[in-house]
Amino acid sequence: MRFNKDLEIKRAMVIYAHPDDAEFSVAGTVAKWAKAGVEITYCMVTNGASGSQDPDMTREKLRDMRYAEQREAAKVLGVKHVVFLGYEDGYLYPTLEVRKDVARQVRIHKPDVILAMDPRFRVADEGYINHPDHIAAGEVALRTINPDASTRQMFPELWRDEKLEPHKPKALFLETFGDGGTVVDISDTMATKIRALLLHRSQLGPEAEGFVRDWNKRTGKSAGYKFGESFQVIMIDRPPAAETKPRRRARPAGAASKGGARARRSVPRTSRPRAPAAAAARRSGVRGRRSR
Ligand SMILES: [Zn+2]
């Protein structure tokens, strides 16, 4: 699928912390791309086992429920592979172990694009504190592009013992919660997104539909679409455009192939995604402990 003149997408990987994160965030885009023939892999870093306030619930039982819900939702969206790394929900740090596990998946599935949450997003004005697992998973997603999955001498055992060659995606799509960036038109897949979202029955009820719709409607409106999801699209290692001033490189020119060349941002941004309006709504719309 051709996303724009610079980006052809055959495979994409969605890296998020919890089962259900992707359905809130990027499922409209995922369904749209899957329909267009893109091979999508979900890489869910934690097991979702903390997402309940029910005293009779156990972590093991909830983990199994959430894996099942995620598999069902992925099926509805046309996601081809669902990988659960199985780290404990709520306990996630971007450790070397997590980084290696994510890098392994990137090297196996070779995505052209990675979709993830921006780890700079910490708090929203509406009173939402971002879950630390989201921040950790976003951090790992960035690190996997440079250097973990793309550098031969990072985790050399992946290459020596598991025969997994380094892989560098062409682009990173960071969710911006409707606050600027590139808007993907999800009008045709909004219904599919909602259907997939509502399959996370342990986490939310039918009331979630309203605020997710409103959120994606507001996001779409800014670009003239009925519904939309927005991203900061970072083209990896894209040379600076001729008309722009030369940027200082992080490395000497000769090292550009190792990841030194800075990609030009499609939308200049000076700060992290600001105060997603949906965050507070998510909180009120979600039954469980988790805000999203
Ligand atoms: Zn989450």
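This is a predicted model: local features need pLDDT of at least 70, side-chain atom pairs count only at pLDDT 80 or more; totals for chains, interfaces and linings use all residues.

Trainee: Which residue forms a salt bridge with Glu72?

Mentor: That residue is Arg201, and the closest N and O atoms of the two are 3.1 Å apart. Arg201 lies in the loop between helix 7 (190–197) and helix 8 (208–221), while Glu72 belongs to helix 3 (residues 59–77), so the pair ties together parts that are 129 residues apart in sequence. Arg201 is partly exposed, at 47% relative accessibility, and Glu72 is partly exposed as well, with a relative accessible area of 34%.

Trainee: Where do Asp237 and Lys168 lie?

Mentor: Asp237 forms a salt bridge with Lys168, the closest N and O atoms being 2.8 Å apart. Asp237 sits in the loop between strand 11 (228–235) and helix 9 (277–285), and Lys168 in the loop between helix 6 (156–160) and strand 9 (171–175), so this pair ties together parts that are 69 residues apart in sequence.

Trainee: Turning to the aromatic rings, how is a pair of them described?

Mentor: A pair of aromatic rings is described by the distance of the centres and the angle of the planes. A search of the whole structure finds eight aromatic pairs. For Phe3 and Trp33 the ring centres are 6.0 Å apart and the planes stand at 75 degrees, so the pair is edge-to-face, planes over 60 degrees apart being counted that way. Phe3 lies in strand 1 (residues 2–4) and Trp33 in helix 2 (residues 27–35), so the pair ties together parts that are 30 residues apart in sequence.

Trainee: Is Trp33 buried or exposed?

Mentor: Trp33 is buried, with a relative accessible area of 2%, whereas Phe3 counts as partly exposed at 22% relative accessibility. The rings of Tyr67 and Phe84 have their centres 4.0 Å apart and their planes at 20 degrees, so that pair is stacked.

Trainee: Which residues do ring pairs link into a cluster?

Mentor: The cluster consists of Phe3, Trp33, Phe173 and Phe231. Elsewhere, a charge meets a ring, where Lys193 lies over the face of Trp215, at 5.5 Å from the ring centre.

How values were computed:
Residues are numbered from 1 along each chain as its sequence is written. Side-chain values use heavy atoms; hydrogens and water are left out. A salt bridge is a side-chain nitrogen of Lys or Arg within 4 Å of a carboxyl oxygen of Asp or Glu. Helices (H or I, at least four residues) and strands (E, at least two) are DSSP runs, numbered from the N terminus. Buried means under 20% relative accessible area, exposed over 50%, partly exposed in between (1.4 Å probe, protein chains only). Rings of Phe, Tyr and Trp (its six-membered ring) pair if their centres lie within 6.5 Å; planes under 30 degrees apart count as stacked, over 60 as edge-to-face and the rest as tilted. A charge sits over a ring if NZ of Lys or CZ of Arg is within 6 Å of the ring centre and within 35 degrees of the ring normal.
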